[in-house]
Structures are given as structure tokens and as C-alpha cells.
Amino acid sequence: MTYKIGKALLAGAFLVSAAFGAGAAEPIKIGSVLSVTGPAAFLGDPELKTLQTYLEKINAEGGVLGRKLELVHYDDGSESNKANSFAKRLIESDNVDVIIGGTTTGATMATVPLVEKAGVPFISLAGAVVIVEPAKKWVFKTPHTDRMAAEKVYEDMKKRGITKVGLLSETSGFGQSGRKEAQGVAGKYGITLVADETYGPKDTDTTAQLTKIKGTPGVQAIFVFGLGQGPAIVTKNYGQLGSKLPLYQSHGVASDEFIKLAGKSAEGVRLPTPAMLIAQALPANDPQKTVVVGYNKMYRDKFKVEPSTFGGYAYDALALYVDAVKRAGSTDKEKVRSAIEQTKGFVGTTGAFNMSGTDHMGLDLSAFRMVEVKNGDWTLLK
């Protein structure tokens with residue numbers, strides 16, 4: 001397959017000559033609702049920083065179709081009801097050309113009815129499969145789905161002879177969807193869920209749930225489905241209990257911040273992640289290497305911290321939109337929507353996107369890599 005590399009954002013390949021008259025043209029309005037504060041802040045903060053950085057870069061290089069990009073951003077504080085209000089404002093008052101955001105599944109699903117009614121392209125940064133299944137005309141997303149995460153985890157368990165698993169999921173939208181998908185595909189991999197517990201996204205202790213799972217006859221591993229601070233608390237509690245059961249997490253914690261929050265208890269945790277976390281370990285001929293290495297360097301140089309896969313989701317969303325505008329030769333919402341839907345072989349930080357009328361994510365399991373925390377860092381599992 002011929003791949004179209006997402007590094008075009010970095011190289012300026014998306015940009016069209018300033019002969020279009022960037023100074024006089026109306027800006028292209030990029031609307032955004034992200035969880036920059038609240039429990040999901042370590043997801044939303046790098047997403048916002050990424051959008052701001054690349055808008056500045058694109059504008060410095062002449063804009064898109066000769067027009068500058070303008071970011072109109074609101075922080076939902078990790079609250080879905082606020083996301084709905086802000087999305088409504090973006091559509092009705094700010095008249096944005098696209099909405100990028102929905103850090104969480106809850107925020108995303110609160111936005112979906114609004115964009116579907118208004119006819120505004122919406123690229124979500126959240127994980128649940130319900131966002132794109134069934135496909136909705138105006139809704140796309142860049143992260144892998146929770147179903148894919150469950151399948152990738154179960155693949156690894158199957159290799160290790162693990163067949164009896166205790167599931168601990170968050171009661172957030174992401175966690176609820178993840179629980180459903182983890183239950184749904186378990187049988188496909190010969191996995192039996194012998195325990196099924198939940199915790200709240202703002203809970204400060206999950207010892208009771210973990211103790212119950214640990215005491216379940218025959219249990220061989222624990223699988224946690226959540227995002228934000230919750231899974232780090234679970235992992236710390238797991239360490240405090242001295243459990244020797246293998247601990248798996250979902251891609252909802254694919255960030256260095258998780259290791260910081262969980263501390264020594266994160267050692268040995270396994271999870272599926274986009275390529276970004278192990279960029280340097282990728283072979284030189286991997287189509288994603290150039291993209292993720294370039295993004296990582298930008299983020300480290302500018303913010304003096306390690307990059308986050310969640311920031312990568314925002315990069316991919318902006319890159320996909322800009323690429324679609326370029327191919328459509330217009331910001332007309334229907335033309336751009338159609339162009340996004342026709343995206344083929346577009347390599348971003350998350351994987352190679354191949355979308356269609358029935359697939360508004362366009363990723364397969366090869367876009368996930370299994371990693372394990374070793375010596376306080378991510379290690380690629382073979």
C-alpha cells in the first residue's frame with residue numbers, strides 16, 4: 001500500500017501558496033472542546049497544546065488554501081454536560097468549520113446529536129466504539145476503539161496461557177463501553193471473565209474491588225478499563241495489596257503521566273498503545289516512525305516534557321482535517337466531510353487511516369503495539 005505520511009503537517013506539505021491572499025481571507029475556524037481541567041486533564045492538556053502548536057506552525061507557513069487557521073477553544077472541565085453547552089456555542093455562535101475534541105467518550109456523545117443536526121464535521125479524540133458504530137454521517141475519530149484494546153490485550157493473554165480474568169472497569173462512558181466490549185470479545189480468545197467489578201472516576205480507593213478479584217477462585221490476571229487518574233489509583237492499590245497477578249490496562253492510560261501517578265506499582269503493567277510511546281524502538285522501515293519521532297521531538301523541545309499519545313490523537317485529527325480541506329479544495333462542510341470519509345493510507349501518530357462510508361475511524365489492530373512498564377519506562381513486547 002502507498003502511504004500518505006502525516007508528517008506533512010510538520011513539513012508544510014499541506015499548505016497552499018499564499019497567492020490565495022491569506023491576509024484578506026476569512027480564517028478557517030477550528031472549534032475545540034477538551035477536558036483541560038478535571039479528572040481527564042492529563043488527556044486534554046496535551047491535546048490542547050498540540051492543537052495550539054500546530055495551528056501556529058501552519059499559520060506561520062502561510063495557512064491552508066491561503067487562509068489562516070483560528071482556534072476557538074472551550075474547556076469542559078471533564079464534565080459532559082458542559083461539553084454539550086460549549087459544542088452548541090461553537091456551532092451556533094462561533095460558526096466553526098470543524099469541531100475537534102471530545103476528550104472523553106461522555107463529552108463526545110454529548111456533542112454527537114448537535115453536529116449531526118447542524119452538519120458540522122466532528123473528529124473525536126475519545127475511545128469508545130459507540131462513537132463510530134454505527135457510522136454517523138458527520139462523526140469521525142482518531143483513537144483506537146475500546147474493542148480493539150480489549151482484543152489486543154486478550155491476544156497477549158492468550159499467548160501467555162491466561163484464560164481466567166478479573167475485569168475492573170470505570171463507570172465513566174469510556175469504562176462502561178470498554179466493559180461491554182471486553183465482555184463481548186472475551187470468548188473469541190478463550191477468555192472467561194471470572195470477576196466483574198467497577199469503580200467511579202472520582203473514587204480515591206479501589207482496594208475492596210481488587211481484594212474481591214484477587215480472592216476469586218482461578219483468576220489469573222486483572223484487566224482494568226478506565227482513563228484519567230482512576231487507573232493509576234487502581235494500580236497503586238494493586239501494589240499496596242502485594243498482588244502477583246499480571247495487571248493489564250487499556251490504551252486509556254497510554255501516557256507517561258500514568259507511570260508518574262502510579263509510581264513503582266506500575267512496574268510490569270501491560271497495555272496496548274499507539275506507536276508514539278515506543279517511537280525509537282520502531283524499525284527504520286516502519287511507516288509511522290518518521291511521523292511519531294517528529295511529533296515527539298516537537299513536543300519535547302517546546303514543552304520540556306514527554307509527549308502523550310493523547311496529544312497525538314489531536315495531531316492526527318487536525319492533520320486529517322487539513323488534508324481533507326486540501327483535497328476538497330474548499331472548507332465547504334459537506335465536501336470536507338466527504339473527503340475525510342475517503343481518506344486512504346494516511347499515516348498519523350496513531351496508525352494508518354483508511355476510512356470509508358461505514359468506517360469513520362479507519363484503523364485496524366496493527367495500529368496497536370503491546371508494551372510493558374519496565375524500570376519505570378515503556379518496553380515494546382514482541
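Modeller: The lining of the largest cavity comprises 8 nonpolar residues, 6 polar and no charged (nonpolar: Ala, Val, Leu, Ile, Met, Phe, Trp, Tyr, Cys, Pro; charged: Asp, Glu, Lys, Arg; polar: the others, Gly included). The model is predicted, and local features need pLDDT of at least 70, side-chain atom pairs pLDDT 80 or more, while totals for chains, interfaces and linings use all residues. Residues are numbered from 1 along each chain as its sequence is written, and side-chain values use heavy atoms, without hydrogens and water.

The volume of the largest cavity is about 90 Å³ (1 Å grid over protein atoms alone; a 1.4 Å probe fits but cannot get out; lining residues have an atom within 4 Å of a point). Among its 14 lining residues, A126, G127, F174, L227 and F310 lie closest to the centre. The structure has 1 cavity of 30 Å³ or more.

The largest pocket (an open set of points with protein on both sides within 12 Å along at least five of seven lines) contains about 280 Å³ of space, counted as that filled by probe spheres on points joined across faces, edges and corners. Its lining numbers 17 residues, with S78, T104, E170, S172 and P201 nearest the centre. By class, 10 of the lining residues are polar, 5 nonpolar and 2 charged. Helices α4 (105–118) and α6 (173–186) each contribute at least two residues to this lining (DSSP runs of H or I, at least four residues, numbered from the N terminus).
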